[in-house]
Amino acid sequence: MDYADSDGISDKIKALSPWFHNLHFEDGTQTAPDHFLGDFPRFKWLQLAPFIPEDLSGCHALDIGCNAGFYTFELARRGAEVTGIDIDQRYLEQADWAARQYGLQDRVTFRQMQVYDLAREKGEYDLVLFMGVFYHLRYPLLALDIIAQKVKGMMVFQTLAMPGKEIYKQVDHPINERASLLEPGWPKMAFIEYRFAGDPTNWWIPNHAAVESLLRSAGMRITGYPGHEIYLCEPDHEAPSCISTWNREEYLAALGENPGR
Ligand SMILES: C[S@@+](CC[C@H](N)C(=O)[O-])C[C@H]1O[C@@H](n2cnc3c(N)ncnc32)[C@H](O)[C@@H]1O
């Protein structure tokens, strides 16, 4: 079937629904015009776009949890070669179809993968998008440790977060002094046992302090704040993660790869 005409596009959009990304096409059709978050994720991209180089020619980018590929396509339009990964085959079908509609199929690759599978992949990326996925993970710090090792240049991190911007400056504490743990700015993640926003795949919601300290702990330096709950970071070669030094064995064991046993 040829979907070049508007009716064909609308039919295909319907056949591939429901959509989480509202993709816009030249003829004015959109995939999720009534999205509960608004024109999503275009309004987020407008915050982020000025922080991403206009010309990404020669850049290899990775879009983790790419969904229908909105961000993948924006990076590809700037000249990057982009790999989008997601666990959901339905979203990947949407992304594959949209890539052909946009004529970007030669610059993008979509793969069905768990974020944890990246541990077994070779190579690093100039630009990594890790947006809207962290809080969906049952093992979020393992994922962050894996991903941080894939970042050569910049990572964009975005997460649902707890309210508040406080930061408590951590020091060592005697074992019976626990009140500081209750400070609003102590890094925390709220655990979701059942559902959040009706979604049982939401597991952990960090506060701002936790995002910053988790990123640092994974060996990243925060370099900017393009918008609400969006963080830019890059590898901090002066403060590498403990998984590349004294705690490597635990990391390898978590991956089932501890060669010492
Ligand atoms: C809230 S959506 C975010 C989509 C997009 N990154 C964005 O920011 O608009 C979360 C996406 O992550 C994917 N996802 C969830 N868990 C994942 C995992 N363990 N590995 C890879 N992708 C995952 C979901 O299928 C979904 O497409």
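Helices (H or I, at least four residues) and strands (E, at least two) are DSSP runs, numbered from the N terminus. On that basis, Pro-18 is found in the loop between helix H1 (6-15) and H2. This is a predicted model, in which local features need pLDDT of at least 70 and side-chain atom pairs count only at pLDDT 80 or more, while totals for chains, interfaces and linings use all residues. Residues are numbered from 1 along each chain as its sequence is written, and side-chain values use heavy atoms, with hydrogens and water left out.

- Polar contacts (pairs of N or O atoms within 3.5 Å) to ligand oxygen atoms involve the side chains of Asp-86, at 2.6 Å, and Asn-67, at 3.0 Å.
- A ligand nitrogen atom lies 2.7 Å from a backbone N or O atom of Met-131.
- The ligand taken alone exposes 590 Å², of which the protein buries 91% (Shrake-Rupley method, 1.4 Å probe).

**Pockets**

- A pocket is an open set of points on a 1 Å grid over the protein atoms alone, where a 1.4 Å probe fits and protein lies on both sides within 12 Å along at least five of seven lines; lining residues have an atom within 4 Å of a point.
- The ligand takes the space of the largest pocket, with more than half of its atoms within 2 Å of the grid points.
- The largest pocket holds about 1,200 Å³ of space, the volume being that filled by probe spheres set on the points.
- Its lining has 44 residues, with Phe-20, Gly-132, Tyr-135, His-136 and Asp-199 nearest the centre; H2 (42-48), S1 (60-64), S2 (81-86) and H4 (89-102) each give two or more residues.
- The second largest pocket has a volume of about 260 Å³ and is lined by 15 residues, divided into seven nonpolar, five polar and three charged.

**Backbone geometry**

- Most residues other than glycine have a negative phi, and most peptide bonds are trans.
- The peptide bonds from Ser-17 to Pro-18 (omega near 5°) and from Phe-40 to Pro-41 (omega near 0°) are cis.
- Asn-67, in the loop between S1 and helix H3 (70-77), has a positive phi near 55°.

How values were computed. A polar contact is a pair of N or O atoms within 3.5 Å; within protein, one must be able to donate a hydrogen and the other to accept it, and residues adjacent in sequence count only if both atoms are side-chain atoms. Ala, Val, Leu, Ile, Met, Phe, Trp, Tyr, Cys and Pro count as nonpolar, Asp, Glu, Lys and Arg as charged, and the others, Gly among them, as polar.
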